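Hi,

Here is the structure I promised to pass on. Have a look at it first, and my notes follow below.

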Amino acid sequence: MEAHGIRVTALSFVLALGAGAQDASPPLAPILQSSSSGGLPGARPGTERWIVHFKARDFDLTALRTAILTRRPAGEVAAIVADLERAVRADQAAFVAAAERLGARVTDQWWIVNAAAVELEPSKLPAIRALPNVALVQPDEAHTPAIRASTNANNHAADALQAAGHRGLGVSVGVMDTGQDSDMAGTGRPHRTYFINGDINNTTGGGLGGSRLLVLRQHGTQPADDVNGHGTGITSIAAGANWGSIYADDGHAPLAGIAGYAIANDVEGNSSSAVMTSAWQAMAADRAQYSIVAANLSYSGSPNPLDVAQQALDSAALNADLMVCVAAGNTGPTPGSTTSSQSAANGLAVAAIYADSRVCFAYNSRGPVVGDPERFYPDIGACGGDPVMMAAKNIESIAQLGAGTSVASPQVCGAAVQLRGRFRSLTALETKAILLASAEDISRQNGSRADRNCYGMGFLRNDRAHALAASGQFATATLTSAAPERSFAIPAVAGQTFAIAIAWHRLDVTSTNWSNLELEVLGAYGEVVAASTTRRNLYEMVRFASPLTGNLIVRVRAVTVSGGASQPFALAWTDSPGARFAGQVTPYGAGCAGTGQIPFDCASLNPNGGASINAIHGHEYAYGVPTGAALDVYGFEIFSMSRTGLPETVAAALYADRSGMPDRTPLAQTTVTIGATTGFYAGTFPTPITIPAGNVWIGIDHRAQTTFLAGISSGATGIAYSRLHPAPAGWLAGALVSRPAVRIRCVLSGSGKAIPGHVANGAAILGRTVGYALGQAMPNTLAVLLLGASDSIWFGGTLPYSLANLGAPGCSLLASTEISAGFMTNGSGSANLDLAFPNQPSLLGSRLFTQYVVVDPTTNALGLAVTNAVRTVLGN
């Protein structure tokens with residue numbers, strides 16, 4: 001069953017003053033609202049339901065949180081809950097009395113959040129807002145309910161873990177939904193999916209009728225016996241047992257206990273913010289008695305973390321140690337389509353993914369979060385793109401089908417139950433970090449069609465989560481304002497692929513200002529190997545390949561600590577087999593002037609580029625540029641783009657003009673590396689070539705069809721010729737290109753002030769070749785390419801290292817020099833070294849830092865000029 005749209009349209013959340021607020025005294029509390037409509041209808045005619053948030057109270061939930069985290073007996077936790085019930089009634093007594101004097105009725109008083117629900121006539125709202133200690137009010141709003149292949153070895157891999165005995169025994173799942181099928185077709189017993197092994201004669205489950213349905217509480221107006229079927233199906237995915245039909249299968253944790261919280265207000269399953277808040281409070285109170293370790297809510301909701309139900313969700317995760325999972329929503333594919341998605345800052349918002357293919361479900365609600373543009377959303381993905389079979393209420397011989405995020409969320413929730421059932425000491429925070437770190441990287445399967453704002457940090461993998469936990473590769477620590485940094489050493493082998501995640505909770509659920517932590521991985525020289533520094537998500541994650549054999553240093557740093565003097569966090573790390581790592585070639589630093597000649601554009605056609613025609617043709621193309629005088633051609637720039645998503649190096653040539661078309665034989669040859677974005681890409685010739693007035697022809701070998709032709713859709717018309725084979729084949733008019741975009745580069749004779757430049761041409765990928773090129777240097781002199789392993793340390797000193805004291809002001813060494821190679825520059829002041837990187841997995845993630853030093857006797861007292869540097873990271 002799939003979710004319907006939210007009934008109250010929530011385009012954005014604002015704090016606004018209502019009508020008449022300007023004249024009120026004292027000032028009225030703001031309204032947290034998502035539309036101009038009021039609250040849901042109250043039980044009494046003419047009334048509406050509103051939520052009142054308070055500024056302060058005389059108690060907190062520290063005792064409850066401590067008791068649950070330290071595994072205190074259920075009776076002790078129950079006594080704490082009873083104290084909280086008394087405390088909230090005493091704390092809100094003055095408000096209740098004042099509200100009743102206004103004719104309002106307080107229907108719910110919550111300790112899980114600092115709020116209460118009231119029923120009132122709309123005209124009384126300003127008076128309620130003016131009462132002492134009222135922080136803000138919000139309308140009570142409507143929210144709607146939003147497995148065989150899923151658990152096999154090709155997907156979440158829960159089946160093998162179940163076969164090994166890891167079936168959730170001893171812990172429970174909390175499901176907030178339309179109810180549970182507690183009276184299957186009037187038989188007086190629950191559905192078979194709630195019984196151990198689906199056997200209704202096995203009555204050792206400890207719950208209703210001997211089943212595993214330990215508790216079923218009604219919070220909405222509808223009975224707890226499932227009125228819709230959504231709750232029964234969702235529960236069967238997380239923790240159901242095989243119910244005996246040919247379509248049935250076990251859920252993720254088929255021996256776990258089940259705690260049901262029925263929130264439906266009508267037969268369609270619609271609920272409200274107030275009902276959900278009450279259910280979260282009840283689940284937190286039940287946590288110790290029923291060993292609830294994870295919770296699921298496959299409903300729509302609010303993306304605003306200040307919404308009362310979102311405060312309650314985050315409070316339950318924080319104070320009751322619950323791993324909360326929610327459906328991310330099905331309002332995609334537009335980016336930012338989270339208007340009816342739950343914020344779930346302390347939980348995991350789950351995307352739907354197609355089984356086997358790992359492709360993101362097209363209708364997933366996509367981040368960033370509405371009202372919080374720096375927050376990525378959702379957090380993780382699970383099976384739900386294809387229809388999932390799940391138990392149907394009141395019938396055991398068939399299955400109902402559901403697709404979307406509603407059925408994806410209980411996959412993750414069930415995985416959390418299975419994991420915490422096996423590893424009882426895990427906290428919810430550690431579980432969150434483990435599930436994220438162990439997720440499978442699915443960026444390759446989705447390509448440019450989708451990113452983390454569609455599928456989160458990857459695809460749920462129960463097996464990898466269990467392997468991580470079994471190896472003990474997780475930790476919990478605390479940062480403070482006084483000690484805002486912690487480091488951990490992780491052993492690594494060169495080329496080993498890693499995934500590392502940290503997770504933390506927002507501690508003050510009444511605020512949107514939560515702590516901001518950053519994650520960095522450092523190499524042997526202190527260089528940053530990988531980093532994740534998002535500002536608004538309550539987790540960070542990196543995937544990378546180790547550049548070394550030895551210890552990596554994982555550093556967690558608090559940029560800000562909010563909601564208290566300290567911020568606990570959990571860390572988890574694991575191998576990341578099959579992860580995709582893009583190679584990187586990045587220039588850094590600056591060179592200093594030598595006596596090389598300065599190139600400039602001496603002729604061009606459509607030099608500003610334009611809209612590419614995106615045409616391909618398996619020929620060599622020669623693009624003509626008219627010239628009014630003889631030129632000494634140093635190089636060229638061609639307007640194109642790679643079609644492979646990677647830099648592509650192709651052959652290029654310079655041709656003389658013969659009767660208005662290119663000659664058959666080139667005057668000079670070179671290569672040009674064309675990148676993955678549309679733009680101009682440069683090639684240079686070994687020595688400047690003198691071309692008489694007329695036309696300059698630049699030939700580009702497009703035969704492999706890995707690069708687009710250098711034509712634009714509008715601009716100055718020009719000439720292009722093509723041929724299928726190189727010389728001596730003849731040229732034919734290239735009909736596909738009528739407006740070439742080409743720049744011709746010459747040098748200023750005697751200019752002598754160029755800063756030599758260093759670029760890397762080619763894709764930095766195992767098994768490929770990268771050309772490390774020098775340009776604009778002094779012609780016919782010695783140049784040395786420095787190749788090193790660091791950009792920060794060399795021979796015990798630090799980099800950059802200034803050469804000013806040695807007689808070269810403005811010049812610095814930027815790369816360490818473990819290896820060097822010498823070359824003579826050509827007549828154009830160019831040189832190049834091609835490095836072929838072996839297809840050797842141990843090299844994955846390796847870093848190489850390169851810089852040229854040029855012998856230039858007259859440029860300064862030291863007689864040296866240097867280039868910028870280039871950082872290369874090898875990918876796969």
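**Salt bridges and disulfides**

E440 and R461 make a salt bridge, with 2.9 Å between the closest N and O atoms; the term stands for a side-chain nitrogen of Lys or Arg within 4 Å of a carboxyl oxygen of Asp or Glu. The two sit 21 residues apart: E440 is in the loop between α10 (428-437) and α11 (443-446), and R461 is in the loop between α12 (452-455) and α13 (462-470). (Helices, H or I with at least four residues, and strands, E with at least two, are DSSP runs numbered from the N terminus.) E440 is buried at 12% relative accessibility, and R461 is buried at 12% too. Here buried means under 20% relative accessible area, exposed over 50%, and partly exposed in between, with a 1.4 Å probe and protein chains only. Salt bridges with shared partners also bring R358, E440, R461 and D463 together in one network.

Before you go further: this is a predicted model, so local features need pLDDT of at least 70 and side-chain atom pairs count only at pLDDT 80 or more, while totals for chains, interfaces and linings use all residues. Residues are numbered from 1 along each chain as its sequence is written, and side-chain values use heavy atoms, with hydrogens and water left out.

Searching the whole structure gives 26 salt bridges. One of them pairs E396 with R189, again with closest N and O atoms 2.9 Å apart. That pair spans 207 residues, from R189 in the loop between β8 (172-177) and β9 (213-218) to E396 in strand β17 (residues 395-402). Both ends are buried, E396 at 14% and R189 at 19%. Another is R658 with D663, at 3.2 Å between the closest N and O atoms; D663 is buried, with a relative accessible area of 18%.

Now the cysteines. How many disulfides does a search of the whole structure find? It finds 3, taking a disulfide as a pair of cysteine sulfur atoms within 2.5 Å.

- C360 to C454: S to S is 1.8 Å, and the link is left-handed, with -95° about the S-S bond. C360 is in the loop between β14 and β15 (380-383) and C454 is in helix α12, so the bond ties together parts 94 residues apart in sequence. C360 is buried at 7% and C454 at 1%.
- C592 to C811: the sulfur atoms are 1.9 Å apart, and the link is right-handed at 100°. C592 lies in the loop between β26 (584-588) and β27 (599-605), and C811 in the loop between β44 (801-802) and β45 (812-813), 219 residues apart. Both C592 and C811 are buried.
- C602 to C746: the sulfur atoms are 1.9 Å apart, and the torsion is about 60°, so this one is right-handed. It joins strand β27 to strand β38 (residues 742-747), 144 residues apart. C602 is partly exposed at 22%, whereas C746 is buried at 3%.

With the bonded cysteines numbered in sequence order, the pairing reads 1-2, 3-6, 4-5. C325 is in no disulfide, and its nearest cysteine sulfur is that of C413, 4.9 Å away.

Cheers
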